[in-house]
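Visitor: I have a structure to go through. Can we look at it together, starting with a single side chain?

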Amino acid sequence: MQKRAEQLVVEELRERLERITQGPARQQETLPFHIPAMDERLPGQGLKLGSLHEVSGGGNGAVDGAASALFCAGIAARLKGKILWCVTRPDLFMPALTQAGLSHNRLIIVECRDEKGVLDCFEEGLRCNGFGAVIGEVSKLPMNMSRRLQLTAEASGVAAIALRRWRHVSGVADFGQPTTAVTRWRISMRPSTPLPVRGVGRSRWFVEALRVRGGEPFELEVEACDAEGRLAIPADMADGSIPQDAWGRSAAG
């Protein structure tokens, strides 16, 4: 009986998504970050759409998901179409997402009872090619499920982003398990950009591309997403006053 009820919920979700997003089929494209240090290391000069990508926070960010969620929001903000975000914890902070460029008018949030529900909605959402991206918050991502998500994303051309979050930092070891994700990112908080006056400057992140299919892993420090979802190289690094590799060494410990 419970299985039938879950099936009915999925079917109802599918019908609603089809009504919301009836868009033409799309060819696979890439979304550039417009930062040469990133785009030049990514095949196709950007983030490959119609593919599965994994994102996690570093340190305590693996639990709170703050920086990693905003990184995902910035990507979604620069894509066309509605954004489907599947969660089990209703803790998305809309003002922060808006500051990262993702308007609430474009966002559809599905709150699921458990991670199985998230994965089901994740997969169903990817079948609707009118979405710009589908984001699913999960702690576990089995290989067979990641393969299904990758194949579904390839067929629709929709960007699939698995936002990995754990209830406790001890679960982060699962992030190293094999999946079919095209890229795997870890986003860690860094001290904000210093200001000439008292106050808090633009947030900074240490971005690690831990896996890049067809490319080489890399890391760099950037300024967090602006109101249009764009990252930037900090001015003190762009002018050479602080070498990028120095930041990389300090963040790596």
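Visitor: Which backbone nitrogen does the side chain of T180 reach?
Guide: In this predicted model, the side chain of T180 comes to 3.4 Å from the backbone nitrogen of R147.

Visitor: Where is T180 placed?
Guide: T180 lies in the loop between β7 and β8, the latter covering residues 183-190.

Visitor: Buried or exposed?
Guide: T180 has a relative accessible area of 14%. The cut-off for buried is under 20%, so T180 counts as buried.

Visitor: And what does T180 touch?
Guide: Leaving aside residues up to four places away in sequence, T180 touches L52, M143, S146, R147, Q150 and R213.

Visitor: Switching to the sheet. What is the strand order?
Guide: The order is β5-β4-β6-β7-β3-β8-β9-β10, an open sheet of 8 strands with mixed pairing. At the edges are β5 (107-111) and β10 (218-223), each of which pairs on one side only. On average, neighbouring strands are turned by 20° against each other, direction ignored.

Visitor: In which sense do β6 and β7 pair?
Guide: Parallel, over 6 bridges, with β6 at residues 133-138 and β7 at residues 159-164. As one example, G136 has A162 in β7 as its bridge partner.

Visitor: Which strands does α6 touch?
Guide: Helix α6, residues 115-126, packs on the sheet and touches β3 (52-57), β4 (83-87), β5, β6 and β7. The direction of α6 makes about 170° with that of β6.

Visitor: How many residues of α6 are buried?
Guide: 9 of the 12, so α6 is largely enclosed by the rest of the structure. The buried residues are G117, V118, L119, C121, F122, E123, E124, G125 and L126.

Visitor: What span should α6 have, at 1.5 Å a residue?
Guide: The 12 residues of α6 should span 16 Å, and the end C-alpha atoms are 16 Å apart, so the two values agree.

Visitor: What does D114 do at the start of α6?
Guide: A side-chain oxygen of D114 reaches to within 3.3 Å of the backbone nitrogen of K116.

Visitor: Now the whole chain. How many helices and strands?
Guide: The protein chain has 9 helices and 10 strands. Of its 253 residues, 49% are buried.

Visitor: What about contacts and surface?
Guide: Among contacts with a separation of 6 or more, 67% are between residues 24 or more positions apart. The accessible surface is about 12500 Å², and 54% of that belongs to carbon and sulfur atoms.

Definitions and conventions: Residues are numbered from 1 along each chain as its sequence is written. This is a predicted model: local features need pLDDT of at least 70, side-chain atom pairs count only at pLDDT 80 or more; totals for chains, interfaces and linings use all residues. Side-chain values use heavy atoms; hydrogens and water are left out. Helices (H or I, at least four residues) and strands (E, at least two) are DSSP runs, numbered from the N terminus. Buried means under 20% relative accessible area, exposed over 50%, partly exposed in between (1.4 Å probe, protein chains only). Contact means heavy atoms within 4.5 Å. Accessible areas come from the Shrake-Rupley method with a 1.4 Å probe; for residues, only the protein chains shown count as cover. Two strands pair if DSSP finds at least two bridges between them. Axes are lines fitted to C-alpha atoms, for helices over the stretch in contact, and angles run from 0 to 180 degrees between N-to-C directions. The expected span of a helix is 1.5 Å times one less than its number of residues. A polar contact is a pair of N or O atoms within 3.5 Å; within protein, one must be able to donate a hydrogen and the other to accept it, and residues adjacent in sequence count only if both atoms are side-chain atoms.
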